[in-house]
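This report describes a ligand site and the residues packed behind it, moving from single residues to the cores.

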Amino acid sequence: MSHDLFEAAKAAMAKAYAPYSKFPVGAALRTADGKIYAGANIEVASYPEGWCAETTTLGHYVMGGGGKITEIAVIAERMAKVTPCGGCRQRLAEFAGPDTKLYLCDQTGVVETVRLGDMLPYGFRGDILK
Ligand code: THU
């Protein structure tokens with residue numbers, strides 16, 4: 001991964017709105033055409049109404065035109081190697097294939113690289129619904 005995806009995730013994390021958990025998270029993804037989309041978690045006083053950094057990122061990706069996702073990075077201020085929550089694994093798998101690289105980061109860069117498919121074995125497939 002070129003360092004710019006990590007930097008985009010880290011910059012997004014700095015914009016997190018996480019006054020309740022105080023657990024800022026950032027995510028970024030790159031598409032085959034070279035575009036980078038990023039996002040942070042956004043919390044709400046009615047706690048279940050908040051959402052994750054990966055979800056913000058996917059919103060930007062869809063509104064930016066979508067495309068093939070080639071790699072994804074996630075970072076949390078207070079946890080080295082944060083992994084996407086279960087719901088975000090399903091959301092990411094909606095738009096990114098199982099071979100997509102997912103970079104788990106700390107404050108300095110990538111700590112571990114995993115396959116998205118390995119993060120969601122036997123995930124629900126919506127193909128039959130289309
Ligand atoms: N969070 C994310 O943004 N992404 C994840 O994959 C894990 C959790 C956020 C949600 C909430 O704002 C905070 O981290 C604590 O759960």
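Contact here means that heavy atoms lie within 4.5 Å. On that criterion, and in a model that is predicted, Cys88 touches Cys52, Glu54 and Thr55, not counting residues up to four places away in sequence. Cys88 has its place in helix H3, and because its relative accessibility is 0%, under the 20% limit, it counts as buried. Its C-alpha atom is 6.3 Å from that of Glu54, although 34 residues separate Cys88 and Glu54 in sequence.

**Helix H2**

Glu54 belongs to helix H2, which spans residues 53-63 and whose buried residues are Ala53, Glu54, Thr56, Thr57, Leu58 and Tyr61. The cover over these buried residues includes strands E1 (25-31), E2 (36-40) and E3 (69-76), together with helix H3 (86-95). After H2 comes Gly65, whose phi is positive, near 115°.

Thr56, found in helix H2, is buried because its relative accessible area is 14%, again under 20%. A polar atom of the Thr56 side chain lies 2.7 Å from the backbone oxygen of Ala40, and the side chain of Thr56 also makes a polar contact with the side chain of Trp51, at 3.0 Å. When residues up to four places away in sequence are not counted, Thr56 touches Gly39, Ala40, Ile42 and Trp51.

**The ligand site**

Around the ligand are Ser21, Phe23, Val25, Asn41, Glu43, Cys52, Ala53, Glu54, Thr83, Pro84 and Cys85. By class, this shell comprises 6 nonpolar, 3 polar and 2 charged residues.

| Residue | Protein atom | Distance to a ligand oxygen |
|---|---|---|
| Ala53 | polar backbone atom | 2.9 Å |
| Glu54 | side-chain N or O atom | 2.8 Å |
| Cys85 | backbone N or O atom | 2.9 Å |

Taken alone, the ligand exposes 370 Å², of which the protein buries 76%.

Val25, one of the residues around the ligand, is found in strand E1 and counts as buried because its relative accessibility is 10%. Leaving aside neighbours within four places in sequence, Val25 is in contact with Met13, Ala16, Gly39, Ala40, Asn41, Ala53, Ile75 and Ala76. Between Val25 and Gly39, which are 14 residues apart in sequence, the distance from C-alpha to C-alpha is 8.5 Å.

**Nonpolar cores**

In soluble globular proteins, nonpolar side chains tend to be buried together. How many residues does the largest nonpolar core have, and which of them have the most contacts inside it? The largest nonpolar core has 19 residues, and those with the most contacts inside it are Leu29, Leu58, Tyr61, Ile69, Ile72, Val74 and Leu102. At least two residues of this core come from each of E1, H2, E3, strand E4 (101-105) and helix H4 (116-119), with E3 giving the most, 4 residues.

Val74 touches Gly26, Ala27, Glu54, Val82, Pro84, Leu102, Tyr103, Leu104 and Cys105, again not counting residues up to four places away in sequence. A second, separate core of 10 residues includes Leu5, Met13, Ala73 and Tyr103.

Note on methods:
Residues are numbered from 1 along each chain as its sequence is written. This is a predicted model: local features need pLDDT of at least 70, side-chain atom pairs count only at pLDDT 80 or more; totals for chains, interfaces and linings use all residues. Side-chain values use heavy atoms; hydrogens and water are left out. Buried means under 20% relative accessible area, exposed over 50%, partly exposed in between (1.4 Å probe, protein chains only). A residue is near a molecule or strand if one of its heavy atoms lies within 4 Å of it. A polar contact is a pair of N or O atoms within 3.5 Å; within protein, one must be able to donate a hydrogen and the other to accept it, and residues adjacent in sequence count only if both atoms are side-chain atoms. Accessible areas come from the Shrake-Rupley method with a 1.4 Å probe; for residues, only the protein chains shown count as cover. Ala, Val, Leu, Ile, Met, Phe, Trp, Tyr, Cys and Pro count as nonpolar, Asp, Glu, Lys and Arg as charged, and the others, Gly among them, as polar. A nonpolar core is a set of buried Ala, Val, Leu, Ile, Met, Phe, Trp, Tyr and Cys residues joined through side-chain atoms within 4.5 Å.
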